[in-house]
Amino acid sequence: MSELKSSPLLDQAALSSLLGQSLLLTQDWSTEDLATVRMLARKLADLDRKGIRTPLCPNELAWAVFFDASTRTKSAWAGAASRLGMQPVIVDGSSTQVSHGETAAETGAMLGMNAHAMGIRHDLILGEGNSFIRDLKSGIDSYLDSTEDIRKVPIVNLQCDIDHPTQSMADLLWLEDNFDDLNQKNITVSWAYSPSYAKPLSVPQGLITLLTRTGANITLAHPPGYQLMEETMTAAASNAEASGGSFRVTNDMDDAFADAHVVYPKSWGAYDLMLERVDANAAGNSDEMAAIEKRALERNAEHTDWICDERRMGLTNEGTALYMHCLPADIGDEVSPGVMDLHKVNVAKEANWKVYVVMALLAGAKVPDLAAKLASLEEEA
Ligand code: CP
């Protein structure tokens with residue numbers, strides 16, 4: 001396994017294709033553009049680690065609105081914006097007028113009026129998050145069009161109900177650090193037991209849709225009833241076919257771990273209960289939401305044996321699979337303390353890629369002649 005590949009040469013023609021782009025789902029993007037973002041993220045990480053500053057968007061405002069808790073992604077947004085010379089502002093979504101019924105499009109127009117980039121996390125309710133982000137984007141775009149404002153205001157999905165693209169891109173960079181070629185590698189994305197809360201489906205959905213583009217053999221494992229959104233399953237199957245990899249589903253965690261080169265065990269909520277939340281949330285029925293959450297945890301508790309422990313790691317390829325997690329992990333439930341202890345630096349390095357993914361998305365969307373500008377910053381330094 002290799003780590004930290006050498007700094008890549010940037011291809012301006014490829015970079016130009018990122019100009020003006022927003023990332024709402026990796027599935028909307030070409031494989032080439034996603035590879036360009038990773039190449040740019042690698043370059044920005046290399047410069048940052050050498051102490052070379054990259055204030056490519058000075059004095060610009062980078063808004064992020066979070067309708068759910070976050071540690072890593074908030075920090076990655078702030079870190080990315082400040083490294084680019086932007087001013088990051090992070091707002092709790094419940095403190096905005098959205099909580100009083102202001103629409104996403106209206107909110108977009110208001111925030112986009114003076115912002116230069118926007119990040120949104122809206123991941124709790126199936127069918128809502130990605131639509132909210134799309135409506136917000138249309139609000140910003142129509143404001144900019146109608147005022148002939150030349151600003152580019154890229155939108156970055158910082159986790160919705162369907163996808164968590166900055167996470168899956170960070171995960172893929174970490175995988176590329178560890179494997180020269182992912183073609184035909186066996187990668188397992190598995191449900192794991194959690195007593196803490198019914199977690200969104202977007203991390204496993206983001207993983208199966210992105211990693212099936214690499215030529216790897218992707219196994220999705222979960223107990224019956226923990227299926228993912230149909231559209232992401234269909235996309236994963238068709239991506240796997242196009243990339244020459246494979247995609248399969250099993251209800252047996254041991255089977256999923258057998259001969260895996262990589263395991264990514266994490267929890268998510270039971271599908272029928274995640275659907276039940278939609279109506280309870282729309283009705284603003286907080287008692288019903290709490291009752292559904294209680295039932296979700298009781299359902300999870302029927303599967304406490306779905307843990308990534310030493311025995312299961314022993315089933316993997318030569319017993320040495322790379323353990324991955326988006327964090328935070330429920331230690332003692334999703335993963336044994338021993339397995340986490342062994343991999344704690346690895347998962348931190350995995351998480352650290354997110355700051356450079358966000359930087360690459362913002363700089364790629366906003367800065368023309370990026371290759372020349374980065375070369376000149378490097379030369380000056
Ligand atoms: N993995 C991840 O998105 O972490 P946060 O929820 O802390 O942002």
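User: How should I read the sheet in this predicted model, and what is the order of its five strands?

Analyst: Start with the general idea. Strands of a sheet pair through backbone hydrogen bonds, and the pairing is either parallel or antiparallel. In this structure, the five strands form an open sheet with parallel pairing, in the order E7-E6-E5-E8-E9. Strand E7 (246-250) and strand E9 (322-323) are at the edges with a single partner strand each, so one side of each has no neighbour in the sheet.

User: How many bridges join strand E5 and strand E6?

Analyst: Five bridges link strand E5 (residues 186-191) to strand E6 (residues 217-221), in the parallel sense.

User: Next, a single residue. Where is His 164 found, and is His 164 buried or exposed?

Analyst: His 164 is in the loop between strand E4 (155-160) and helix H6 (165-178). Its relative accessibility is 4%, and because buried means under 20%, His 164 counts as buried.

User: Which residues does His 164 touch, leaving out those up to four places away in sequence?

Analyst: With those left out, His 164 touches Thr 73, Arg 121, Leu 158, Gln 159, Ser 202, Val 203, Gly 206 and Lys 354. With Arg 121 there is a polar contact between the two side chains, at 3.5 Å. Sequence distance and spatial distance can be read side by side: His 164 and His 122 are 42 residues apart in sequence, and their C-alpha atoms are 10 Å apart in space.

User: Which residues are around the ligand?

Analyst: They are Ser 70, Thr 71, Arg 72, Thr 73, Arg 121, His 164, Gln 167, Cys 326, Leu 327 and Lys 354. His 164 places a polar side-chain atom 2.8 Å from a ligand oxygen atom. In the side chain of Gln 167, an N or O atom is 3.0 Å from a nitrogen atom of the ligand. Cys 326 takes part through its backbone, with a polar atom 2.8 Å from a nitrogen atom of the ligand. On its own the ligand has 250 Å² of accessible area, and the protein covers 92% of that.

User: Last, the domains. Which residues belong to domain 1 and domain 2?

Analyst: The domain assignment gives domain 1 as 12-163 + 354-380 and domain 2 as 167-351. Domain 1 contributes 23 residues to the contact between them, and domain 2 contributes 34 residues. Taken over C-alpha atoms, the centres of domain 1 and domain 2 are 26 Å apart.

How values were computed
Residues numbered from 1 in each chain as written. Predicted model: local features only at pLDDT ≥ 70, side-chain atom pairs only at ≥ 80, totals over all residues. Heavy atoms only, no water. Pairing = 2+ DSSP bridges. Helix = DSSP H or I, 4+ residues; strand = E, 2+ residues; numbered from the N terminus. Buried < 20%, exposed > 50% of the residue type's maximum accessible area, 1.4 Å probe, protein only. Contact = heavy atoms within 4.5 Å. Polar contact = N/O pair within 3.5 Å; in protein donor to acceptor, adjacent residues only side chain to side chain. Near = heavy atom within 4 Å. Areas by Shrake-Rupley, 256 points an atom, 1.4 Å probe, with all protein chains shown as cover. Domains from an automatic or database assignment.
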